[in-house]
Amino acid sequence: MKTHYQALFEPLTLPNGVVFNNRFVLSPMTTNSSTQDGHITEQDLRYAQRRAHAAPLQVTGAAYIEPYGQLFEYGFSITDDSCIPGLKKLATAMKKNGNKAILQLTHAGRFSNQAILNYGQVYGPSAMSLNSPIQHDVLAMSLDKITSITHQYAEATSRAIQAGFDGVEVSAAQRLLIQTFFSTFSNQRTDQYGNQSLDNRARIGLEILAAVQKVIDKEAPPQFILGYRATPEETRGSDVGYTIDEFNEHLDWVLDTANIQYLAIASWGRQIYRNKVRSDGKHTGKYVNAVVHDYLDGRIPVIASGGINSPESALDALQHADMVGMSSPFVTEPDFVLKLQEDRPEDIDLHVTIDDIDELAIPYAAFKDIVKMMDYGEGLKKETRDELRKLETNYD
């Protein structure tokens with residue numbers, strides 16, 4: 001191991017005592033290769049097995065907790081017990097090299113693209129009428145619906161435990177349901193979940209975490225991992241949905257509510273790990289990750305992600321984080337970490353051609369609608385994204 005990269009291979013211990021032998025994380029990536037009703041396929045399993053050695057902490061793509069929370073047409077479901085057998089196979093495939101397999105639990109809320117297409121309407125904090133991808137209504141969630149969603153997160157946690165996952169991750173990032181309640185852009189409610197106070201905007205997320213933690217306490221084995229993924233600041237030009245100071249204050253409540261083992265920072269755009277604070281205040285212009293990492297002060301590890309696609313960018317990201325998450329690079333280079341550990345960084349190759357699909361166990365029909373999201377982050381070069389884009393034509 002070259003000392004230049006040694007920091008990436010230092011062990012890390014979670015607050016619950018789980019030890020990782022390096023600082024890499026396989027971040028969520030939805031290959032869009034499950035069945036249309038959300039069940040795991042053999043191609044899902046082959047993809048996971050090929051990457052089982054890629055990182056010691058591995059997080060699945062988004063598992064939707066109810067049909068109205070479905071983001072991708074061929075994403076996978078954790079909506080009922082019929083999903084457990086397939087998820088059990090997925091957990092086994094991910095863990096075969098001794099890695100920790102984490103199931104990400106999500107509800108896409110008003111951005112549930114597939115629910116829009118299926119039902120012509122979705123749920124969110126507040127009522128809206130929108131025109132993309134088709135004309136549809138956003139229904140303001142009733143108090144009963146909020147309670148129902150909280151129960152669904154709890155039930156999904158129980159299924160993840162039954163399936164043998166080592167943990168679950170609750171995502172409050174990237175315009176998913178929980179974040180839209182926290183955002184003054186999306187949340188125009190006037191009740192106890194409304195935008196009149198930070199307490200109100202954080203309420204649904206805290207209630208979900210409390211419900212998930214209750215299930216973990218009752219059903220999970222020792223050292224079960226509860227992760228939290230979130231976006232620390234929301235701005236649109238000069239307008240602010242929430243500030244990084246508000247986010248940090250809410251983190252205190254999150255840690256008081258649940259036994260969180262890590263925070264993964266996620267957002268949209270390029271080189272997210274280098275984002276700077278845009279809202280006015282004492283942190284303006286500082287690195288977002290640095291402000292959050294300093295605020296947490298070692299209470300839980302921070303995972304940086306977004307635009308980390310080389311050994312040098314991984315080192316750069318680690319300056320203001322404890323672990324580095326990659327998703328797109330592990331699609332085309334599952335051996336990224338292995339090659340770096342063996343002092344072969346020059347052999348890391350993020351390009352892929354259609355001829356490489358079988359060796360890399362990339363599903364023959366994969367990444368429908370996903371490559372457009374890869375285009376935002378540019379984690380892979382355009383010619384590689386265009387090769388993956390060709391797989392969309394293999395869907396019936």
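1. Basis. Residues are numbered from 1 along each chain as its sequence is written, and side-chain values use heavy atoms, with hydrogens and water left out. As the model is predicted, local features need pLDDT of at least 70 and side-chain atom pairs count only at pLDDT 80 or more, while totals for chains, interfaces and linings use all residues.

2. An unreviewed UniProt entry places "domain: NADH:flavin oxidoreductase/NADH oxidase N-terminal" at residues 8–346 (positions in the numbering used here, feature names shortened; annotations may be inferred rather than shown by experiment). That stretch is 35% helix and 19% strand, with its end C-alpha atoms 17 Å apart. Helices (H or I, at least four residues) and strands (E, at least two) are DSSP runs numbered from the N terminus.

3. H1 and H2. The axes of H1 (residues 42–50) and H2 (residues 84–94) come within 8 Å and cross at roughly 20°; axes are lines fitted to C-alpha atoms, for helices over the stretch in contact, and angles run from 0 to 180 degrees between N-to-C directions. H1 is therefore roughly parallel to H2 (under 35 degrees; over 145 is roughly antiparallel, 65 to 115 roughly perpendicular, the rest oblique). Asp 44, Leu 45, Ala 48 and Gln 49 of H1 meet Lys 89, Leu 90, Ala 93 and Met 94 of H2, contact meaning heavy atoms within 4.5 Å. Five of the residues in this contact are nonpolar, one is polar and two are charged (nonpolar: Ala, Val, Leu, Ile, Met, Phe, Trp, Tyr, Cys and Pro; charged: Asp, Glu, Lys and Arg; polar: the others, Gly among them).

4. H4 and H6. Helix H4 (residues 143–162) and H6 have axes that come within 9 Å and cross at roughly 35°. Among the contacting residues are Ile 146, Tyr 153 and Ile 161 of H4 and Ile 204, Ala 211 and Glu 219 of H6. The contact divides into 10 nonpolar, three polar and two charged residues.

5. H7 and H8. H7 (residues 244–257) packs on H8 (residues 288–296) at about 35°, the axes being 11 Å apart.

6. Aromatic pairs. Seven are counted, where rings of Phe, Tyr and Trp (its six-membered ring) pair if their centres lie within 6.5 Å, and planes under 30 degrees apart are stacked, over 60 edge-to-face and the rest tilted. Phe 181 and Tyr 193 form an edge-to-face pair, 6.5 Å centre to centre with 80° between the planes. Phe 181 lies in H5 (residues 177–182) and Tyr 193 in the loop between H5 and H6 (198–219), so the pair ties together parts 12 residues apart in sequence.
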